[in-house]
Amino acid sequence: MTVQDSGKVALITGGSRGIGYGIAEALVARGDRVCLTGRGEEALKAAVEKLGSDRAIAVPGKAHDAAHRVEAVERTMEAFGRIDHLVNNAGTNPVFGPIADLDLDVARKVFETNVISALGFAQQTWKAWQSQNGGTIVNIASVAGLSASPFIGAYGVSKAAMVNLTLQLAHEFSPLVRVNAIAPAVVKTKFAEALYEGREAEAAASYPMARLGVPEDIGGAAAFLTSEQSGWITGQTLVVDGGIFLNAGVG
């Protein structure tokens with residue numbers, strides 16, 4: 001089936017696989033064109049091939065690198081002439097353990113990648129297109145940012161900052177740009193493997209929906225938040241968690 005071109009363009013960070021690629025698939029399926037960023041050049045090439053080279057381009061680089069952010073926005077504008085949607089999905093979680101023992105240089109790296117890069121991309125897309133033409137921003141947060149998150153404390157704190165960054169940007173960029181966040185629970189991706197590998201059934205049993213998330217779950221949420229159907233929604237964090245928060249306080 002041929003998909004009608006929507007005329008819209010999205011820049012998706014961390015888009016070569018997992019949640020980022022799931023979002024790219026959802027937006028391309030409705031007719032958008034996309035620019036994907038990520039650290040792995042080969043993975044990006046494979047993603048573009050699957051999405052279609054007529055629908056997607058890729059700009060390899062590290063999200064915390066300011067020059068990369070400038071290049072990604074410039075390349076998207078050169079290729080497509082606009083950036084309607086920004087999806088800040090790039091993230092890192094390089095450490096597992098008590099936050100009391102956390103190396104502060106590692107904490108800085110987490111914040112540079114998970115928060116500062118998102119702000120940097122938002123600033124660049126605002127200047128390049130959205131300040132004059134409008135659009136949407138979707139920040140990928142996490143349920144780890146909504147409550148205590150033992151052993152991934154730095155990641156959780158960074159995602160709490162992402163939720164508040166969403167509020168700040170929504171306030172400053174309104175009414176032209178709507179800014180929302182998605183807070184997933186555990187989604188079956190390479191990034192999250194350590195949280196379920198070898199014990200998926202056990203991990204899924206704690207979810208009222210009886211399964212872990214998949215990238216398509218987040219892709220559907222992002223497609224909604226970047227559509228006209230959500231045209232009166234801004235500054236919100238949509239929790240996509242398979243019902244896991246229903247169990248809070250139970251037991």
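Predicted model: local features only at pLDDT ≥ 70, side-chain atom pairs only at ≥ 80, totals over all residues.
Residues are numbered from 1 along each chain as its sequence is written, and side-chain values use heavy atoms, with hydrogens and water left out.

- F151 is not a glycine, yet its phi is positive, at about 75 degrees.
- You'll find F151 in the loop between β5 (135-140) and α5; helices (H or I, at least four residues) and strands (E, at least two) are DSSP runs, numbered from the N terminus.
- A210 is another non-glycine with a positive phi, about 65 degrees.
- The loop between α6 (200-204) and α7 (215-225) holds A210, and A210 is exposed, at 57% relative accessible area.
- Going from S174 to P175, the peptide bond is cis, with omega near 0 degrees.
- P175 sits in the loop between α5 and β6.

**The nonpolar core**

- The largest nonpolar core has 27 residues, and L11, F121, I137, F173 and V179 touch the most other members.
- Two or more residues of this core come from each of β1, β3 (56-60), α3 (66-80), α4 (104-133), α5 (153-173) and β6 (177-184).
- Helix α5 gives the largest share of this core, 6 residues.
- For the term itself, a nonpolar core is a set of buried Ala, Val, Leu, Ile, Met, Phe, Trp, Tyr and Cys residues joined through side-chain atoms within 4.5 Å.

**A contact across the sequence**

- F111 lies in helix α4 and is partly exposed, at 29% relative accessibility.
- F111 and A161 are 50 residues apart in sequence, while their C-alpha atoms are 8.8 Å apart in space.

**Salt bridges**

- Side chains of opposite charge can pair when their charged atoms come close.
- The model has 8 salt bridges, each being a side-chain nitrogen of Lys or Arg within 4 Å of a carboxyl oxygen of Asp or Glu.
- One of them joins R30 and D32 at 3.0 Å, N to O; R30 is partly exposed at 27% relative accessible area, whereas D32 is buried at 1%.
- Another links E200 and K188, also with an N to O distance of 3.0 Å.
- E200 is in helix α6 and K188 in the loop between β6 and α6, so this pair ties together parts that are 12 residues apart in sequence.
- E200 is partly exposed, with a relative accessible area of 33%, and K188 is partly exposed at 33% too.
- R211 and D217 form a salt bridge as well, at 2.9 Å, N to O; R211 has 41% relative accessible area and D217 has 26%.

**A positive surface patch**

- R17, R39, K62, K109 and K190 gather in a patch of positive charge on the surface.
- Such patches take residues with over 30% relative accessible area and no salt bridge, joining like charges within 9 Å and nonpolar side chains (Val, Leu, Ile, Met, Phe, Trp, Tyr) within 5 Å.
- Lys and Arg count as positive and Asp and Glu as negative, while His and the chain ends are not counted.
- R17 is in the loop between β1 (9-12) and α1 (18-29) and is partly exposed, at 48% relative accessible area.

Technical notes. Areas by Shrake-Rupley, 256 points an atom, 1.4 Å probe, with all protein chains shown as cover. Charge placed at Lys NZ, Arg CZ, Asp CG, Glu CD. Buried < 20%, exposed > 50% of the residue type's maximum accessible area, 1.4 Å probe, protein only.
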